[in-house]
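This briefing covers side-chain contacts and helix packing. Please consult the sequence and the structure shown here alongside the notes that follow.

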Amino acid sequence: MQKIEPNKLSLTDRVSKLNNLILHGYLLEAFEKFYAENMTKQENDNEPLVGKDTCRKAAEHFVTNISEFRSAIVKNVIISNNISVVEWEFDLTHKDWGIKKYTQISMHKWNCDGEIINEIIFNHY
């Protein structure tokens, strides 16, 4: 995996590289490269997770329990003023949740160091 220095990229390039890592199955690598230590993450109506370590554990649990990853498709991308929004379509099988084909909207707020400091995810099943 090539080294990425997010603070040296435009927001458009950061979002493109983040999406490409996810599309190729490198979800945990994307997390390590693009997320800030003081990040927060909220999914649907769940309580927000605070801190990279806490969010990393949740990401690892999700990824390690995927038994089949069939596809990920980027449908739309919006970028403006240190905020990016990506509409995804995912098709996978998860050990805990079974077969999941769903749309996800991921909103990211980026800091001046080129890292994601806030992630809000909406899943539509």
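A charge is taken to sit over a ring if NZ of Lys or CZ of Arg is within 6 Å of the ring centre and within 35 degrees of the ring normal. By that criterion, Lys52 lies over the face of Phe31, 5.6 Å from the ring centre. The model is a predicted one, in which local features need pLDDT of at least 70 and side-chain atom pairs count only at pLDDT 80 or more, while totals for chains, interfaces and linings use all residues. Residues are numbered from 1 along each chain as its sequence is written, and side-chain values use heavy atoms, with hydrogens and water left out.

**Salt bridges**

- A salt bridge is a side-chain nitrogen of Lys or Arg within 4 Å of a carboxyl oxygen of Asp or Glu; under this rule the count is eight salt bridges.
- One of them joins Lys52 to Glu32, with the closest N and O atoms 3.9 Å apart. This pair links distant parts of the chain, since Lys52 belongs to helix H3 (residues 52-64) and Glu32 to helix H2 (residues 27-34), 20 residues apart.
- Helices (H or I, at least four residues) and strands (E, at least two) are DSSP runs, numbered from the N terminus.
- Accessibility is classed by relative accessible area: buried means under 20%, exposed over 50%, and partly exposed in between (1.4 Å probe, protein chains only). Lys52 counts as buried because its relative accessibility is 4%, whereas Glu32, at 38%, is partly exposed.
- A network of salt bridges links Glu32, Lys52, Asp53 and Arg56.
- Glu5 and Lys8 also meet through their side chains in a salt bridge, at 3.1 Å from N to O. Glu5 is partly exposed, with a relative accessible area of 36%, and Lys8 is exposed, at 61%.
- Another salt bridge is formed by Glu68 and Arg70, whose closest N and O atoms are 3.1 Å apart. Both partners are classed as partly exposed, Glu68 at 41% relative accessibility and Arg70 at 32%.

**Aromatic rings**

- A pair of aromatic rings is described by the distance of the centres and the angle of the planes.
- Rings of Phe, Tyr and Trp (its six-membered ring) pair if their centres lie within 6.5 Å; planes under 30 degrees apart count as stacked, over 60 as edge-to-face and the rest as tilted.
- The count by this rule is six aromatic pairs. Among them, Phe90 and Tyr102 form a tilted pair, with 5.5 Å from centre to centre and 35° between the planes.
- Phe90 is in strand E4 (residues 83-94) and Tyr102 in strand E5 (residues 98-110), so their pair ties together parts that are twelve residues apart in sequence. Phe90 is buried, with a relative accessible area of 9%, and Tyr102 is buried as well, at 8%.
- Tyr102 also pairs with Tyr125: the ring centres are 5.1 Å apart and the planes stand at 50°, so this pair is tilted. Tyr125 lies in the segment after strand E6 (116-124), so the pair with Tyr102 of strand E5 ties together parts 23 residues apart in sequence.
- Tyr125 counts as exposed, at 54% relative accessibility. Lys100 lies over the face of its ring, 4.5 Å from the ring centre.
- Ring pairs join Trp88, Phe90, Tyr102 and Tyr125 into a cluster.

**Helix packing**

- Axes are lines fitted to C-alpha atoms, for helices over the stretch in contact, and angles run from 0 to 180 degrees between N-to-C directions.
- Angles under 35 degrees count as roughly parallel, over 145 as roughly antiparallel, 65 to 115 as roughly perpendicular and the rest as oblique.
- The axes of H2 and H3 come within 10 Å and cross at roughly 165°; H2 and H3 are therefore roughly antiparallel to each other.
- Helix H1 (residues 11-23) packs with H2 at an angle of about 155°, their axes being 7 Å apart; H1 and H2 are therefore also roughly antiparallel to each other.
- A crossing is left-handed if the near helix is turned anticlockwise from the far one by less than a right angle, and right-handed if clockwise. The crossing of H2 and H3 is right-handed, as is that of H1 and H2.

**The loop between H1 and H2**

- Gly25 is located in the loop between H1 and H2, and counts as partly exposed at 41% relative accessibility.
- Gly25 and Ser71 are separated by 46 residues in sequence and by 9.4 Å in space, C-alpha to C-alpha.
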